[in-house]
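Subject: A structure to look at, with notes

Dear colleague,

I am handing over the structure below, and I would be glad if you opened it and kept it in view while you read. My notes on what was found in it follow directly after it.

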Amino acid sequence: MVRGWLAAVVLSLLVIAPRPTLAADETGESADRAFIMGLPKAELHVHLEGTMEPELYLEMARRNGIATRYATPEDVRSRLRDANDLSSFIQIYEELVGVMQTERDFHDVALAYFRKARSQGVVHAEVYVDPQLHQARGVSLATLYGGLARAREDASRELGLDARFILSFLRDRPADQAAQVLEESRPWLGSLIIGVGLDNPEVDDFPAKFQAVYARARELGLHLTSHCDVDQPNTVAHHWSVIKLLGVERIDHGLNVLNDPALVEEVRRRKIGLTGAATLFYADIPGRMEYRAGAIARLLDKGLLVTVNSDDPGMKRSLYVGDLMLRVQQTTGMDRAHLAQLARNSFAISWIEPAQRRAYALRLKRYLRQSDLDLAKRPAGVR
Ligand code: HPA
Ligand code: ZN
């Protein structure tokens, strides 16, 4: 009885006692932040359209003479607070994308993202783009890809960042639209576009629908990935189908691999990359970061090729890949060896030539050596 009372007092003191406010240096946070921001890494799951910050959205609306119901960036952010799941988010995403019209727009959105990404350690980026969304508004592929090609050149020259694009088909639209945009994109396949993916709302049985398009993309020499978003209906079946029917090399998100031990083994056996996204909506969803970061940590513990990615940073609280790695680290208690493994994984599953992969690996090794981390060491369990 007395012990119970004592415990209650101690617990209440712990809860209500103000925490001492330590300077960031004392908590080690600023050192961790600096380590993460400087860590050379590849970003492999980010949507060009979702990198658009509210400020740039308003600027493009203004210069293109497009009426918008938002007067300030805060109004856009407030609208983004209505998003709390995949379909509500995509509804707003499709609405905001409507201001992108000219080659300059695509260039500016991409280059703004590359600058931000480079400031957080990204040296290589493979960026999703949704041509069907833009074609639906009458934007030509030449306009879209012309802007992206220029941004890619600028990123290389100005930032030393290597960028490629992933042509993404919309899962909730007919497969023949996807087949058509793939053929129309042929002049840009290879150097600018190196792979195909699937995004937008996760409709039932979507992998079966795109089997022929993926077979054609493979024939054209493209790499293959697909979204399997987190906790969608039939998620385990969708993971199996993208592997078996589409033959993907990576799965975007892919955290629900953990739902099925046989899937874990298959992903390991095939060395499939999992581009996790520990993102936060503007709307607060308690436990979201803990859940996603925890899943990423468990996949890492299992030795799978998981990475941390920013998905839609301009529309999800301006959290870029370094910011998110820091959140993941703080949430799970990962140490620097785990963070290094995440960076190593990002190069391992990127779609680059072997010589370039070796160069990135060396760059990472040098960085870790400077930071007193032995590259050869695999991290122990996260917890
Ligand atoms: N999932 C599906 N579609 C998307 C996403 C996503 O994470 N982001 C932008 N389009
Ligand atoms: Zn995504």
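The zinc ion (ligand 2) is held by four residues, His 45, His 47 and His 227 through their NE2 atoms and Asp 311 through OD, at distances of 2.0 to 2.2 Å. Please keep in mind from the start that this is a predicted model, and that the values quoted in these notes are computed from it. Along the chain, the donors of this zinc ion follow the spacing H-x1-H-x179-H-x83-D. Because His 47 lies in the loop between β1 (41–43) and α4 (54–63) while His 227 lies in strand β5 (residues 223–228), the pair ties together parts that are 180 residues apart in sequence. Both of these histidines, His 47 and His 227, are buried.

Most residues other than glycine have a negative phi. Asp 311, although it is not a glycine, has a positive phi of about 65°. You will find Asp 311 in the loop between β8 (305–309) and α16, and with a relative accessible area of 3% it falls under the 20% limit, so it counts as buried.

Is Lys 271, the other residue I would mention for its positive phi, buried or exposed? Its phi is near 55°, again in a residue other than glycine, and its place is in the loop between α14 (261–270) and β7 (273–277). Lys 271 is exposed, because its relative accessible area of 62% is over the 50% limit.

Next come the salt bridges, and the count for this model comes to 35. I picked out three of them for you to find.

Arg 33 forms a salt bridge with Asp 323, in which the closest N and O atoms are 3.9 Å apart. Since Arg 33 lies in helix α3 (residues 29–38) and Asp 323 in helix α16 (residues 321–332), this pair ties together parts that are 290 residues apart in sequence. Arg 33 is partly exposed at 34% relative accessible area, whereas Asp 323, at 14%, counts as buried.

Arg 115 and Glu 158 also meet through their side chains in a salt bridge, with 2.8 Å from N to O. Here Arg 115 lies in helix α7 and Glu 158 in helix α9 (residues 141–159), so that the pair ties together parts that are 43 residues apart in sequence. Arg 115 is partly exposed, with a relative accessible area of 42%, and Glu 158 is partly exposed as well, with 45%.

The side chains of Arg 164 and Glu 353 meet in a salt bridge too, at 3.8 Å from N to O. Because Arg 164 lies in strand β3 (residues 162–170) and Glu 353 in the loop between α17 (336–348) and α18, this pair ties together parts that are 189 residues apart in sequence. Arg 164 is buried, with a relative accessible area of 9%, while Glu 353 is partly exposed at 40%. Besides such pairs, salt bridges that share partners join Glu 59, Arg 62, Arg 63, Arg 104, Asp 105 and Asp 108 into one network.

Phe 114 sits in helix α7 (residues 103–119) and is buried, with a relative accessible area of 1%; its C-alpha atom is separated by 8.1 Å from that of Ala 125, which is 11 residues away along the chain. Leu 96 has its place in helix α6 (residues 86–97) and is likewise buried, with a relative accessible area of 2%. Leu 96 and Lys 316 are 220 residues apart in sequence, yet their C-alpha atoms are 13 Å apart in space.

Note on methods. Residues are numbered from 1 along each chain as its sequence is written. Chains are lettered from A and ligands numbered from 1 in the order in which they are written. This is a predicted model: local features need pLDDT of at least 70, side-chain atom pairs count only at pLDDT 80 or more; totals for chains, interfaces and linings use all residues. Side-chain values use heavy atoms; hydrogens and water are left out. Donors are N, O and S atoms within 2.8 Å of the metal (3.2 Å for Na, K and Ca); water is not among the atoms, so sites may look incomplete. Helices (H or I, at least four residues) and strands (E, at least two) are DSSP runs, numbered from the N terminus. Buried means under 20% relative accessible area, exposed over 50%, partly exposed in between (1.4 Å probe, protein chains only). A salt bridge is a side-chain nitrogen of Lys or Arg within 4 Å of a carboxyl oxygen of Asp or Glu.
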